[in-house]
Amino acid sequence: MPRPPVSPSKGTPARTPAPRERDALPYAHRLEPFTGEIEREGTYEWLHFDGSVFEDVQAGSAQFGESTFSSATFARGRYRRSRFDDVWMHAVRMVGTDLAETTWLDSECTAGVFAGTEIHVSEIHRTLFHQCKFDSVNLRGATLKDVAFVDCLLRDVDFGGATLTGVSFPGSTLDTARFDKATVTGVDLSEALALGIASGIEALKGATISAVQLLDLAPALARHIGLTVKGH
């Protein structure tokens with residue numbers, strides 16, 4: 001069984017493990033090189049996508065299970081309602097890609113880039129993102145449970161209306177993140193390097209932050225409750 005990045009018990013984040021090497025995966029010995037194209041409603045198991053480039057692919061409802069992606073590029077394309085079950089990704093680029101309504105389970109992604117990516121209304125469970133860059137990513141209405149963003153950059157990421165349970169951000173930088181009408185339970189922001197919250201700070205009720213972060217968020221909190229702060 002894959003190793004969950006965070007503990008599912010009561011939505012409380014646990015120690016986040018380091019990402020695994022590909023050869024350490026329990027299914028590594030079964031992997032075969034992928035050749036061909038990804039197709040709509042296709043099923044792909046025990047495959048290694050090495051340096052693959054997929055441009056404008058229409059592959060909604062595809063199923064990826066116990067497979068690995070190394071230096072693969074997804075440029076635009078539509079993968080709505082696809083499933084990524086126990087997949088391992090390293091240095092994967094997803095640019096302008098439609099991943100809305102996808103399901104991610106027991107997966108991990110290291111050194112990936114998600115730019116202009118649509119991941120709204122998706123289900124992301126027991127998944128680790130390590131040293132990834134998220135730029136202008138739409139996660140509105142998504143459900144994230146037992147997910148860790150470790151040493152990541154999240155710039156202009158929209159969690160509006162999302163449900164976050166047991167999510168942590170150790171070593172990560174949030175820059176103009178949005179949490180409007182999000183629901184958070186057991187969310188730990190205390191180890192994030194920076195909390196740049198553009199909107200929806202009221203939705204973070206119940207989240208854990210550090211004392212230093214509280215000072216950083218004080219102006220936004222004051223604005224939210226209608227306080228006027230005058231300088232001397």
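**Notebook: parallel strands in a predicted model**

I looked up strand β16 (residues 143-150) and found it mostly covered, with six of its eight residues buried, where buried means under 20% relative accessible area, exposed over 50% and partly exposed in between, with a 1.4 Å probe and protein chains only. The model is a predicted one, in which local features need pLDDT of at least 70 and side-chain atom pairs count only at pLDDT 80 or more, while totals for chains, interfaces and linings use all residues. Residues are numbered from 1 along each chain as its sequence is written, and side-chain values use heavy atoms, with hydrogens and water left out.

I then turned to an open sheet of eight strands, which run in the order β4-β7-β10-β13-β15-β17-β19-β21 with parallel pairing. Its edge strands are β4 (53-55) and β21 (194-199), each of which pairs on one side only. Neighbouring strands of this sheet are turned by 10° against each other on average, direction ignored, the axes being lines fitted to C-alpha atoms and the angles running from 0 to 180 degrees between N-to-C directions.

Within this sheet I checked β10 (residues 93-95) and β13 (residues 113-115), which pair in the parallel sense over three bridges; the bridge partner of Val95 in β13 is Ala115.

Terms used: Pairing = 2+ DSSP bridges. Helix = DSSP H or I, 4+ residues; strand = E, 2+ residues; numbered from the N terminus.
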